[in-house]
Amino acid sequence: MSGNHDHDHSHGHDHDHPGVKPEDTSAPGRYELMTLAMQELLIEKGILTPEKIRRGIEALDSWQPSRGAAVVARAWTDPAFKAELLADGNAAVSRFGVDMGEAKLTVVESTSNVHNVIVCTLCSCYPRGLLGLPPDWYRSKRYRARIVSEPRKVLAEFGTVIADDVAVRVHDSLADLRYLVLPKRPAGTEGWSEEKLASIVTRDSMVGVAVPMPSAT
Amino acid sequence: MSATETAPFQPLAFQPGDRVAIARVNPPGHRRTPFYVRGKIGVIERACGEFLNPEELGYGFTGQPRRRLYRVRFRQHDIWPAYRGSTGDTIDVDIYEHWLSHLPD
């Protein structure tokens, strides 16, 4: 167990434990037990197999922000693709082999006048097919509570200072939509290849807590 | 159900630009509308389509009838009285139609 996380684990908790390491041996919580029980039942009834579950986790873990970065780089270089991405995100990203499933991808474009940032205040909705698993800070109650009420301060803590004449637009992802920020293409990247552009599009810039930096490469 | 009720092209109840009020209610259960916008006034940004109602689905019901989902845009200064930031700062929230009512322009 991590040092700053020493409270009694006997309560029926449902919060995230970003500090817990894989070798943690503390007793499983109520929700973990329910998950295990459900898993055992599904296997017993032949609906799932351990192999299927393992493959599902493996696929989930294989998703990386590079998938989102490739989409952004294409949108920066191909106006027709960008128009499609903004109008019908699911169709546009399916060209990259990304299946959004039941969720509806909504791409929000940052410009010289608007800076977009994403949160899910209810849980941790996140465009996993494009960005992989969300980072611990995105799932933290602290980020979820503060980014909606003092976004400029939180962004500044990430090193992202937004000018007063640029509107900060927060998107709270609460229902069946998933959001992706299409960051503003930085100056100094004229003539770059799609591949080189993708290399500066980071996970954080697609969540909106950072902006792509051409000097980062 | 009559053919009219299942017609795929029903007129949208709210149009982009419409001013709407969010219900100031506190029903029990897992609700999708966050407390910070309940009782507040916003503007429809876009209609997002129809979805099974997650507030029913989450409790083992069918989620029928499907509910229209909207993105509603709020001015940050209308939500947080002590908000520090530009007057143009906004927050967009996904809200199902049964939480919304019309306001005059």
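In the predicted model, A:V170 stands opposite B:I91, a residue of strand 4 of chain B. This pair belongs to a pairing of strands from two chains: strand 3 of chain A, residues 167–172, runs parallel to strand 4 of chain B, and four bridges join them.

B:D92 is also part of strand 4 of chain B. Its relative accessible area is 0%, and B:D92 therefore counts as buried, the cut-off being under 20%. Residues up to four places away in sequence left aside, B:D92 touches residues of both chains.

The interface as a whole involves 26 residues of chain B, which are in contact with 23 residues of chain A. The size of an interface is often given as the accessible area lost when the parts come together. For chain B and chain A, the area buried between them is about 1900 Å². Carbon and sulfur atoms account for 49% of this area.

Polar contacts across the interface were counted for residues that both have pLDDT 80 or more, and 19 residue pairs were found between chain B and chain A. Three elements of chain B each give two or more residues to the side that touches chain A, namely strand 2 (41–51), strand 3 (67–75) and strand 4 (90–96). Strand 4 of chain B provides the largest share of this side, with six residues. By residue class, the side of chain B that touches chain A consists of 10 nonpolar, seven polar and nine charged residues. The rule for salt bridges finds one across the interface of chain B and chain A. The salt bridge is formed by B:D89 and A:R152, with 2.7 Å between the closest N and O atoms.

The strands of chain B also pair with one another. Strand 2 of chain B is antiparallel to strand 3 of chain B, and seven bridges connect the two. In this region B:G49 has B:L69, in strand 3 of chain B, opposite it. Strand 2 of chain B pairs in the antiparallel sense with strand 1 (residues 19–22) of chain B as well, over three bridges. Here B:V20 has B:G42, in strand 2 of chain B, as its bridge partner.

Taken along its sequence, chain B shows the pattern α-β-β-α-β-α-β-β, made up of three helices and five strands. Chain B has 105 residues, and 38% of them are buried. When contacts in chain B are limited to residues at least 6 apart in sequence, 58% of these contacts join residues at least 24 apart.

For chain A, the secondary structure consists of 11 helices and four strands. Chain A has 217 residues, of which 41% are buried. Among the contacts in chain A between residues at least 6 apart in sequence, those joining residues at least 24 apart make up 63%.

Key. Residues are numbered from 1 along each chain as its sequence is written. Chains are lettered from A and ligands numbered from 1 in the order in which they are written. This is a predicted model: local features need pLDDT of at least 70, side-chain atom pairs count only at pLDDT 80 or more; totals for chains, interfaces and linings use all residues. Side-chain values use heavy atoms; hydrogens and water are left out. Contact means heavy atoms within 4.5 Å. Buried area is the accessible area (1.4 Å probe) that two parts lose on being put together, summed over both. A salt bridge is a side-chain nitrogen of Lys or Arg within 4 Å of a carboxyl oxygen of Asp or Glu. A polar contact is a pair of N or O atoms within 3.5 Å; within protein, one must be able to donate a hydrogen and the other to accept it, and residues adjacent in sequence count only if both atoms are side-chain atoms. Ala, Val, Leu, Ile, Met, Phe, Trp, Tyr, Cys and Pro count as nonpolar, Asp, Glu, Lys and Arg as charged, and the others, Gly among them, as polar. Two strands pair if DSSP finds at least two bridges between them. Buried means under 20% relative accessible area, exposed over 50%, partly exposed in between (1.4 Å probe, protein chains only).
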